[in-house]
Amino acid sequence: MRLALMAMLVLMSGQVVAADVGIPAFNMTTNEAGGASYSVTIQILALMTMLTFLPAMIMMMTSFTRIIIVFAILRQALGLQQTPSNQVMVGLAMFLTFFIMTPVLEEVNEVAIQPYINEEMNTINAIQAAGEPFHRFMLQQTRENDLNLFLRISKSPPIESSDQVPFTVLVPAFVTSELKTAFQIGFMLFIPFLVIDLVVASVLMAMGMMMLSPVIISLPFKIMLFVLVDGWAMIIGTLAASFGI
């Protein structure tokens with residue numbers, strides 16, 4: 001996780017890690033034919049390797065997991081298989097994640113990125129400073145039972161304060177708590193739509209129309225109910241409020 005934070009710092013500051021040690025990004029050598037060949041340094045290779053951690057960091061260390069799961073359950077509850085499309089849902093979840101994580105990102109920029117750009121802090125200290133806001137955010141959203149579970153599984157030594165919880169324990173505990181919270185919100189979303197399905201199925205059964213699928217009849221009513229109660233605004237507001245926004 002700290003490697004991913006290092007990559008984020010380097011990208012946002014527009015500097016290469018190799019600049020700290022004075023090694024050029026590329027080496028150019030002239031071959032016998034008079035042409036030029038280029039070789040990438042170890043620093044660039046390490047940076048490109050660390051970039052692979054960024055998607056995992058966005059999904060596992062932010063509010064993205066809870067949001068995308070709730071959206072997926074909502075689509076299933078409405079009975080819509082491909083509407084909204086996966087691209088729309090992921091895009092909305094990403095921008096909502098940035099909105100919720102804005103205080104954390106602003107703190108990272110203030111305590112780590114700007115001092116790093118101004119050469120007031122070296123790379124290691126900047127990485128540690130950038131990890132602290134994420135650590136506090138995840139700790140606030142993590143249930144104590146989940147945290148104790150992973151502390152017990154990892155056989156970690158007793159900790160005196162929550163600030164001493166390592167990322168290797170906090171991240172899986174945070175993700176487990178996010179999954180539980182997302183499914184709790186999804187369960188509450190399913191109830192009104194399930195009631196509509198039951199009412200429609202009962203009416204069709206009473207009319208003897210057993211060959212007609214209740215889903216076809218209930219779908220317009222579920223969409224109408226969702227639109228009338230301004231469902232999207234309600235869902236997004238509930239998700240933001242669940243993070244203390």
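The legends below describe close-up views of a predicted model.

Residues are numbered from 1 along each chain as its sequence is written, and side-chain values use heavy atoms, with hydrogens and water left out. Local features need pLDDT of at least 70 and side-chain atom pairs count only at pLDDT 80 or more, whereas totals for chains, interfaces and linings use all residues.

View A. A nonpolar core is here a set of buried Ala, Val, Leu, Ile, Met, Phe, Trp, Tyr and Cys residues joined through side-chain atoms within 4.5 Å, where buried means under 20% relative accessible area, exposed over 50% and partly exposed in between (1.4 Å probe, protein chains only). Helices are DSSP runs (H or I, at least four residues), numbered from the N terminus. Ile235 touches Val70, Phe71, Leu74, Leu189 and Phe226, not counting residues up to four places away in sequence; contact means heavy atoms within 4.5 Å.

View B. On a 1 Å grid over the protein atoms alone, a pocket is an open set of points with protein on both sides within 12 Å along at least five of seven lines, a cavity is a set where a 1.4 Å probe fits but cannot get out, and lining residues have an atom within 4 Å of a point. Grid points are joined across faces, edges and corners, and a volume is the space filled by probe spheres set on the points. At least two lining residues are supplied by each of α10 (167-206), α11 (214-228) and α12 (231-242). The lining has 11 nonpolar, 2 polar and no charged residues, with Ala, Val, Leu, Ile, Met, Phe, Trp, Tyr, Cys and Pro counted as nonpolar, Asp, Glu, Lys and Arg as charged, and the others, Gly among them, as polar.

**View C. The largest cavity and its lining.** A search of the whole structure finds 1 cavity of 30 Å³ or more, and the largest cavity holds about 30 Å³ of space. Its lining consists of Phe71, Leu74, Arg75, Leu78, Leu80, Thr83, Pro84, Met89 and Trp232, which divide into 7 nonpolar, 1 polar and 1 charged. The largest share, 4 residues, comes from α5.

**View D. The bend in α7.** Helix α7 bends by about 40° at Asn109, the bend being the angle between axes fitted to the seven residues ending there and the seven starting there. Its buried residues are Val104, Val108, Ala112, Ile113, Pro115 and Tyr116. Just after α7, Glu119 takes a positive phi of about 60°.

View E. Leu179 lies in α10 and counts as partly exposed, at 34% relative accessibility. Leu179 touches Thr65 and Ile69, not counting residues up to four places away in sequence; the C-alpha atoms of Leu179 and Ile69 are 7.9 Å apart, although 110 residues separate them in sequence. Met188, also placed in helix α10, counts as exposed at 53% relative accessibility.
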